Amino acid sequence: MDIKDIVGMLDVWLSIFSVVGTFIIYKFIPYLQTKIITKKYYNTESSFILIMYELIGMTVLNIIAIVFAIIFGKSTWQRVLFREYMIAWLIIIIFYIAGIIWIVRYKAERGSAKYKKNIFYGFVICFIMFVAFLLIFINKYQKKYNWCVYFFIFYIVFKQGKYNVEIEKKRNIKYTVLTVHEECYDTLFKPVKQGKYFFISITDEQGKRIKMIQIPEDRIEKIEHIIEDI
């Protein structure tokens with residue numbers, strides 16, 4: 001086993017984090033500056049910390065297991081014995097899971113602590129990387145496996161974020177559409193632009209949609225967003 005392969009895998013993960021982080025900064029944050037948030041999202045900080053802990057921690061865990069096998073066993077940097085690596089991995093993963101429990105318990109802002117699924121998700125991510133490291137050990141890992149590994153890990157990350165974040169509606173928005181002919185339309189549904197037209201859903205007093213009006217874009221003077229706290 002070549003330690004350069006492991007360092008290379010860590011470098012790939014850091015590159016992915018850089019790309020994702022750049023996308024969020026340049027695309028998502030400007031979007032939030034104009035979006036009216038109608039819901040309150042809880043546990044977002046803890047979910048971010050947990051996911052980053054798992055994504056980086058799983059790689060660090062495997063590297064520590066190799067170092068322990070070399071320090072306390074008969075393994076060397078040129079030849080790591082799989083049995084020693086496996087024993088070290090099983091011991092270290094106990095602390096890895098304890099870290100997941102700590103984050104979930106002390107960082108969650110809302111909702112009951114969800115230990116079981118978070119431990120399961122964290123273990124699955126770690127297991128996927130363990131298999132990848134195992135294939136490196138037996139010299140059967142190929143670059144074509146990278147996309148499979150990335151796909152499963154990011155799918156689990158998405159599921160875990162969705163599972164942990166608590167959503168509660170905090171605001172209501174009413175829309176008033178004014179035309180150049182001084183027509184006024186009130187609605188609870190956001191006007192939708194398709195092509196050169198705006199589609200406006202008209203609601204009754206109970207908030208039920210009763211009809212839809214199609215207005216050319218050049219006839220719209222302004223659209224007011226009236227925010228009401230619930």
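A salt bridge here is a side-chain nitrogen of Lys or Arg within 4 Å of a carboxyl oxygen of Asp or Glu. Glu217 and Lys193 meet that rule with their side chains, at 3.6 Å from N to O. Before going on, some ground rules: this is a predicted model, where local features need pLDDT of at least 70 and side-chain atom pairs count only at pLDDT 80 or more, while totals for chains, interfaces and linings use all residues. Residues are numbered from 1 along each chain as its sequence is written, and side-chain values use heavy atoms, with hydrogens and water left out.

Back to that pair. Glu217 sits in the loop between E7 and E8 and Lys193 in strand E5 (residues 192–194), so the contact ties together parts 24 residues apart in sequence. Helix and strand labels follow DSSP runs numbered from the N terminus (helices are H or I with at least four residues, strands are E with at least two). Glu217 is partly exposed at 36% relative accessible area, and Lys193 is partly exposed too, at 42%. For the cut-offs, buried means under 20% relative accessible area, exposed means over 50%, and partly exposed is in between (1.4 Å probe, protein chains only).

The salt bridges number four in total. Another one joins Glu183 and Arg219, at 2.6 Å from N to O. Glu183 is in the loop between strand E3 (171–179) and strand E4 (184–187), and Arg219 is in the loop between strand E7 (209–216) and strand E8 (220–229), so this pair bridges 36 residues of sequence.

Then there's Lys114, whose side chain meets that of Glu166 in a salt bridge of 2.8 Å, N to O. Lys114 lies in the loop between helix H3 (82–107) and helix H4 (115–137), while Glu166 belongs to strand E2 (residues 166–169), 52 residues apart. Lys114 also lies over the face of Tyr163, 4.8 Å from the ring centre. To count, NZ of Lys or CZ of Arg must be within 6 Å of the ring centre and within 35 degrees of the ring normal. Arg209 does likewise with Phe189, at 4.2 Å from the centre of the ring.

Now the rings themselves: there are nine aromatic pairs. Rings of Phe, Tyr and Trp (its six-membered ring) pair if their centres lie within 6.5 Å, and planes under 30 degrees apart are stacked, over 60 edge-to-face, and the rest tilted. Tyr53 and Tyr96 are stacked, 5.5 Å centre to centre with 15 degrees between the planes. Tyr53 comes from helix H2 (residues 44–72) and Tyr96 from helix H3, 43 residues apart. Tyr96 is buried at 4%, whereas Tyr53 is partly exposed at 25%. Elsewhere, Trp89, Phe123 and Phe127 form one aromatic cluster.
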